[in-house]
Amino acid sequence: MDILGNFPETELKRQLEFLVEIDKVKNILRQTLLTDGSRQENDAEHSWHIAVMAVILEKQAPKNVDINRAVKMCLIHDLIEIYAGDTFAYDTEANKGKEEREKAAGDRLFSILPKEQGEELKKLWMEFDAMETQDAKYAASLDRLQPFIHNVLTNGHTWILGKVSRSQVEKRISVAKENLPALKPWIDSMIEYGVKEGWIKS
């Protein structure tokens with residue numbers, strides 16, 4: 001049903017079309033389970049969770065981080081998966097061509113919005129992906145920390161699924177250890193625990 005068919009052709013209509021389109025992100029399932037292990041998490045739940053984390057952990061953020069920008073990055077960073085799909089971080093084969101798939105998806109998705117707004121969000125998404133600015137490093141740290149926490153609480157679910165090695169986990173979580181130093185000792189202890197439990201290959 002096209003509920004916007006009679007809506008005047010304005011910027012507001014394009015914004016509403018975008019908001020309707022991004023509802024599809026609720027259907028993109030991740031490999032990560034909810035912390036109670038009951039089912040797979042979806043992209044919308046993941047993005048909401050790390051956006052809240054950005055606010056709650058603000059005191060842990062690197063210096064000069066703009067929390068509002070970081071929250072925006074958290075909220076939009078996975079929207080392109082509506083078209084590109086979720087790529088399991090530890091699936092080497094699936095990650096081939098990921099950058100090209102996601103770029104095409106970003107071009108398609110953000111073009112729904114009015115030009116200036118679409119370009120602004122696309123730049124934020126690209127900045128997040130590059131992980132070079134302080135805002136992006138903070139947002140990316142939370143994007144890596146959240147599934148790490150879920151893994152610990154679900155007996156290493158995705159680590160076991162991906163048959164991952166300690167070096168792979170260390171590489172994946174390194175941005176969080178670097179930019180959230182207060183959490184580094186705990187992260188290290190949880191990796192040790194994961195190895196001990198057999199969730200992570202030593």
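In the predicted model, the crossing of helices α7 and α9 is left-handed. Helix α7 spans residues 134-153 and helix α9 residues 166-179; the two pack at an angle of about 130 degrees, with their axes 8 Å apart. On the α7 side the contact is made by Lys137, Ala140, Ser141, Arg144, Leu145 and Phe148, and on the α9 side by Val169, Arg172, Ile173, Val175, Ala176 and Asn179. Seven of the residues of this contact are nonpolar, two are polar and three are charged.

Helices α2 and α3 have axes 8 Å apart and pack at an angle of about 165 degrees, which makes α2 roughly antiparallel to α3. Their crossing is right-handed. From α2, the residues Ser47, Ile50, Ala51, Ala54 and Val55 meet Ile67, Val71, Cys74 and Leu75 of α3. The composition of this contact is eight nonpolar residues and one polar residue, with no charged residue.

For α5 and α6, the axes come within 9 Å and cross at roughly 155 degrees. Helix α5 is therefore roughly antiparallel to α6, and the crossing of this pair is right-handed. The α5 residues Glu102, Lys103, Gly106, Asp107 and Phe110 meet Gly118, Leu121, Lys122, Trp125 and Asp129 in α6. Here the residues of the contact divide into three nonpolar, two polar and five charged. Helix α5 also contains Glu100, which counts as exposed because its relative accessibility is 55%, over the limit of 50%. The C-alpha atoms of Glu100 and Leu180 are separated by 30 Å, the two residues being 80 places apart along the chain.

Val169 of α9, which takes part in the contact with α7, touches Tyr90, Phe148, Trp159, Val164, Ile191 and Ile200 when its neighbours within four places in sequence are left aside.

Backbone geometry was noted at two loop positions. Most residues other than glycine have a negative phi. By contrast, phi of Asn155 is near 55 degrees, a positive value. Asn155 is found in the loop between α7 and α8 (157-161) and is exposed, because its relative accessible area is 51%, just as the criterion of over 50% requires. Lys163 is likewise not a glycine and has a positive phi of about 50 degrees. This lysine lies in the loop between α8 and α9 and, at 60% relative accessibility, counts as exposed.

Lys163 is also one of the contacts of Lys201, a residue found in the segment after α10. Not counting residues up to four places away in sequence, Lys201 touches Lys163, Val164, Ser165 and Arg166. The C-alpha atoms of Lys201 and Ser167 are separated by 8.8 Å, although the two residues are 34 places apart along the chain. Val164, touched by Lys201, is in contact with Val169 as well.

Towards the other end of the chain, Leu4 is placed in the segment before α1 (11-21). Its relative accessibility of 11% means that Leu4 counts as buried, the limit being under 20%. Apart from neighbours within four places in sequence, Leu4 is in contact with Lys13, Leu16 and Glu17.

Key. Residues are numbered from 1 along each chain as its sequence is written. This is a predicted model: local features need pLDDT of at least 70, side-chain atom pairs count only at pLDDT 80 or more; totals for chains, interfaces and linings use all residues. Side-chain values use heavy atoms; hydrogens and water are left out. Axes are lines fitted to C-alpha atoms, for helices over the stretch in contact, and angles run from 0 to 180 degrees between N-to-C directions. Helices (H or I, at least four residues) and strands (E, at least two) are DSSP runs, numbered from the N terminus. A crossing is left-handed if the near helix is turned anticlockwise from the far one by less than a right angle, and right-handed if clockwise. Contact means heavy atoms within 4.5 Å. Ala, Val, Leu, Ile, Met, Phe, Trp, Tyr, Cys and Pro count as nonpolar, Asp, Glu, Lys and Arg as charged, and the others, Gly among them, as polar. Buried means under 20% relative accessible area, exposed over 50%, partly exposed in between (1.4 Å probe, protein chains only). Angles under 35 degrees count as roughly parallel, over 145 as roughly antiparallel, 65 to 115 as roughly perpendicular and the rest as oblique.
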